Amino acid sequence: MQTNWQIGSLFGIPLFLDPLWFVILGLTTLNFGLAYQQWGTVAGWSAGLMMALLLFASVLLHELGHSLVAQSQGIKVNSITLFLFGGVAAIEEESKTPGQAFQVAIAGPAVSVMLFVLLRLAASVIPDSNPLSEMTGDLSRINLVVALFNLIPGLPLDGGQVLKAALWKITGDRFQAVHWAAKAGQILGYTAIALGFAIDFFTREFITGLWIVLLGWFAVRNANSYDRVTTLQETLLKLVAADGMTRNFRVVDANQTLREFADSYLLETTAPQVYFAAADGRYRGLVNINDLRTTQRSEWETQTLQTIVHPLNTIPTVVESTSFAEVIRKLETEQLPQITVLSPADAVAGVIDRGDIVQALAQRLNLPITTAEIKRIKEEGSFPPGLQLGVIAKSVEK
């Protein structure tokens, strides 16, 4: 369920607020408001709120930097969301080269550095007696901290994305690069958690320690997510249609009448749902049961299956060597319940649907998916929302 609130859009990119954003907005307002009390109660709290909003405007511009560079590479940006720990741009797919990935990664920190320089210049020309001078100076320093913090080399931070691009360039293996950058993020995250507890224990600065622990937990959680998604992407490219297809279909005589077909097969309680008609040793096509139902019963005695089959070159098919990623893209893009898998000789080798794909992935990756869940996926024709296979398959290099 989508719990974020859309507040508008920029350059065609929807902007969302996570409800927890209001928590950090309040804490940030409190922090700045207390710092500016020398200007009076009303002025101090007003300045505090303004600084909090300007801080998140800076975060928004930071994420917009990533997004616009991604868009310039032809990559769709689904949204930008402001939340408890800052902001995140939902970029639909990976850049095609390490250089382009570096450009997307560095764009955010570059915007923050530019804001630091511009605000620093502005602060230098505003008289020191003007409260705007202090506010502008504070905002400039915060943007510098945001840039430097995000350049820490570990996913999910921008520095982790830069590290990934560098490792991708060196190794030539994007997946291995993500695994290493995610490992760096995990190490940094656990280090932050340990540091947060140490600060709490030795200095009794509970709030500071808790905040560092939460940042560490966020880093570990997201680094783990990057690692899992990358493993799944690798698997979607390694597994092919032949690894997941089943032979849950029946080949019937294309020369038999519709009546003979109905009497012989459709009354069986264990009959498969997929039928292919063949004659003279060759596949003639797929038998669609709905075509039988729409044919006049009076014609069942004289018409043969040959008259209603759909030739193989007119139905959705893939070959045995087609990757799971491509099979999923085809299933999702064309909204198909299943796809016919052809052998190198253009014969029917099997059929594959979403349940078959999930079952093969569960076996390969030891995913906790039950037989009942596989059955539900087959019946409903939709992937489990938690796996997001449609989105992940779309993001894999074609």
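Okay, rings to begin with: the rings of Phe, Tyr and Trp, with the six-membered ring standing for Trp, pair if their centres lie within 6.5 Å, and planes under 30 degrees apart count as stacked, over 60 as edge-to-face and the rest as tilted. With that in hand, look at W5, W21, F22 and F56, which form one aromatic cluster.

Before I go on, some housekeeping. This is a predicted model, where local features need pLDDT of at least 70 and side-chain atom pairs count only at pLDDT 80 or more, while totals for chains, interfaces and linings use all residues. Residues are numbered from 1 along each chain as its sequence is written, and side-chain values use heavy atoms, with hydrogens and water left out.

Searching the whole structure turns up 12 aromatic pairs. One of them is F201 with F202, an edge-to-face pair at 5.0 Å centre to centre and 90 degrees between the planes. Are those two buried or exposed? F201 counts as exposed because its relative accessibility is 53%, and F202 is exposed too, at 66%; the cut-offs are under 20% relative accessible area for buried, over 50% for exposed and partly exposed in between, with a 1.4 Å probe and protein chains only.

Then there's F261 with Y265: the centres are 5.6 Å apart and the planes at 40 degrees, so this pair is tilted. Both residues are buried. They sit 4 residues apart in helix 9 (residues 258-266), so about one helical turn separates them. Helices here are DSSP runs of H or I, at least four residues, and strands are runs of E, at least two, numbered from the N terminus.

Now the sheets. Two strands pair if DSSP finds at least two bridges between them. There's an open sheet of 4 strands, order 1-2-3-4, with mixed pairing. Strand 1 (5-10) and strand 4 are at the edges with a single partner strand each, so one side of each has no neighbour in the sheet. Strand 3 (residues 77-83) and strand 4 (residues 86-91) are antiparallel over 6 bridges, and a hairpin of 2 residues joins them. If you want a landmark, S79 stands opposite A90 in strand 4.

Another open sheet has 3 strands in the order 5-6-7, again mixed. Strand 6 (residues 275-279) pairs with strand 7 in the antiparallel sense over 5 bridges, and A278 has Y283 in strand 7 as its bridge partner.

Last stop, the cores. By a nonpolar core I mean buried Ala, Val, Leu, Ile, Met, Phe, Trp, Tyr and Cys residues joined through side-chain atoms within 4.5 Å. The largest has 26 residues, and L236, F324, V327, I357, L361 and L389 have the most contacts inside it. Which helix gives the most to this core? That's helix 11, with 5 residues.

Take L389: leaving out neighbours within four places in sequence, L389 is in contact with L232, L236, I328, V358, L361 and F383, contact being heavy atoms within 4.5 Å. Apart from this core lies another, of 16 residues, including L258, Y275, A279 and L292.
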